[in-house]
Amino acid sequence: MAKNGILETAKHNLEKTAEKLGADSNLLNKIATPKEKIEIRLSPVLSDGKVVNIEAYIVRHSDVLGPSKGGIRMSPDVTMDDIVGLSMEMTWKTSLIGVPFGGGKSGIKFDATSLSDIDKETIIRSFARNARRHFGPELYVPAPDMGTNEADMGHVRDCVSYSDGISITKGCFVTGKPVILGGIPGRRSATGKGVVYTTVAACKKLGIDVKGMSVVLQGFGNVGSEAARELARQGAKVIAISDISGGLLNEDGIDVEDLVSYVAQNGSIGGYTKATHIAKEEIFGIACDCLIPAASGSQITMANVNNIKTKIIAEAANAPTTPDADKILTDNGVFIIPDILCNAGGVFVSYLEYVQETQHEQITEAQVSARLSERMKVSFDKVYELSIAKKISMRESAMQIALKRVSEGINARGLLP
Ligand code: NAD
């Protein structure tokens, strides 16, 4: 296992929480490792006529509280260990936010950024075809994650219905689909908005005015850009943003909508002229009120933690902070909104999409918005109140609430084979 990797962080968080709660060993044996790990070789033929071998992974960590839920990550660096760690995180996230799902995750080890649309569709379809028997409304329901998007989920849905020879799927096999195919309005922005709802709730507790608050963001994909847009709408000043191509700094505030349009046309923030260019590694050294890691895991580490000057860290990404860096930040009084709370808006709205599809309902954008904001605030308050009552960090509090619910589920089911 990679030192400071996502799996190491996930295991550390589980072990620490189980110890604090005095969880029994039967319980730990049920959840310390995944229920199912699947490794698949994809061999699609790309547009240059060559067969390419690609490793893909599906992990179902838990289905105690419902079907395993978690996105498909497409990245050249993703490993089976990452997918195990991320699937564990999904178990705690779905439990904490109170939706009837367990934790799962998929990975496709390939660089999505270098692909033409047609080659990406070919790889996604190859994955969906090969993974078909592991998907299902009662089994595992994927969604977008880093490197995949709404259009890809449309192809996954098409592969499932195509393989059955029917127009629709029997129940919800994938969330985060285009609205025209049964996706839910507001899913694309749900994770980013949820990040902002929890950030605003934290600001209220800390006496920080969101209007004029300075924000720094790492990552400007789905989650980062939507969080930046919502923060700008609420009057915050986004002063620095990075993506894989580099970083931008403008102490007077970056025009987020203008940058979103620029990235839609140019593919990345590189070359944008209305801010000073900085190296992407400099992003964590910029003083701000709120820092939002919204890229990949293990980004805030012992190598950069001492450069960080912020009051709040809103963990939009999954497992962005390694345990040793987390301890230093917590000791320094930084208020960290942990990933399993901060970015849970996406899976909450995925649950609404699941309900819509399985019950043949139609849920409007206004309903999605109201339910998302209410659920994020209620969940934040629960975590905050326990953290105050027990004098523990927000991460410990969130993990304790999540693990308790999963334990209750295991006990309610019973420990028979
Ligand atoms: P995305 O692929 O849309 O965007 C990722 C962004 O991060 C891109 O802008 C990319 O350039 C940037 N990036 C990658 N490496 C970087 C680096 N080293 N430095 C700076 N920027 C870098 O992915 P996303 O869907 O926005 O997901 C971002 C994070 O949020 C991931 O950790 C993901 O697991 C988490 N998350 C996503 C969702 C969702 O609904 N999409 C839900 C919960 C959590």
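1. A pocket, as the word is used in this note, is an open set of grid points with protein on both sides within 12 Å along at least five of seven lines. In this predicted model, the second largest pocket has a volume of about 280 Å³, and its lining is made up of 14 residues, with Lys30, Lys35, Asp63, Val64 and Arg413 lying nearest its centre.

2. As for the elements around that pocket, at least two lining residues each are supplied by α2 (25-31), β2 (54-62) and α13 (394-413), and the largest share, three residues, comes from α2. Sorted by class, the lining of the second largest pocket holds five nonpolar, five polar and four charged residues.

3. Turning to the ligand, its shell consists of 24 residues, of which Arg73, Asp145, Thr191, Ala295 and Asn318 are the closest. This shell comprises nine nonpolar, ten polar and five charged residues. Because domain 1 (6-171) and domain 2 (189-337) both contribute residues to the shell, the ligand lies between them.

4. A polar side-chain atom of Asp145 lies 2.6 Å from an oxygen atom of the ligand, while a backbone N or O atom of Ala295 is found 2.7 Å from a ligand oxygen atom, and a polar backbone atom of Val223 is 2.9 Å from an oxygen atom of the ligand. Of the 840 Å² of accessible area that the ligand has on its own, the protein covers 87%. Two or more residues of the shell come from each of α6 (187-206), α7 (222-233) and β8 (237-243).

5. What does a search of the whole structure find in the way of cavities of 30 Å³ or more? There are two, and the largest cavity contains about 50 Å³ of space. Its lining includes Ala10, Trp92, Ile340 and Met399, and α1 (6-21), α3 (80-97), α10 (339-342) and α13 each give at least two residues to the lining of this largest cavity. The classes represented there are five nonpolar, one polar and three charged residues.

6. The second largest cavity holds about 40 Å³ of space, and among the residues lining this second cavity are Thr9, Glu315, Pro320, Asp326 and Arg395. Two or more of its lining residues come from each of α1 and α9 (323-331), and the lining of the second largest cavity divides into three nonpolar, three polar and five charged residues. Since domain 1 (6-171) and domain 2 (189-337) both give residues to that lining, the second largest cavity lies between them.

Notes. Residues are numbered from 1 along each chain as its sequence is written. This is a predicted model: local features need pLDDT of at least 70, side-chain atom pairs count only at pLDDT 80 or more; totals for chains, interfaces and linings use all residues. Side-chain values use heavy atoms; hydrogens and water are left out. A residue is near a molecule or strand if one of its heavy atoms lies within 4 Å of it. A polar contact is a pair of N or O atoms within 3.5 Å; within protein, one must be able to donate a hydrogen and the other to accept it, and residues adjacent in sequence count only if both atoms are side-chain atoms. Accessible areas come from the Shrake-Rupley method with a 1.4 Å probe; for residues, only the protein chains shown count as cover. Helices (H or I, at least four residues) and strands (E, at least two) are DSSP runs, numbered from the N terminus. Ala, Val, Leu, Ile, Met, Phe, Trp, Tyr, Cys and Pro count as nonpolar, Asp, Glu, Lys and Arg as charged, and the others, Gly among them, as polar. Domain bounds come from an automatic or database domain assignment. On a 1 Å grid over the protein atoms alone, a cavity is a set of points where a 1.4 Å probe fits but cannot get out, and a pocket is an open set with protein on both sides within 12 Å along at least five of seven lines; lining residues have an atom within 4 Å of a point. Grid points are joined across faces, edges and corners, and a volume is the space filled by probe spheres set on the points.
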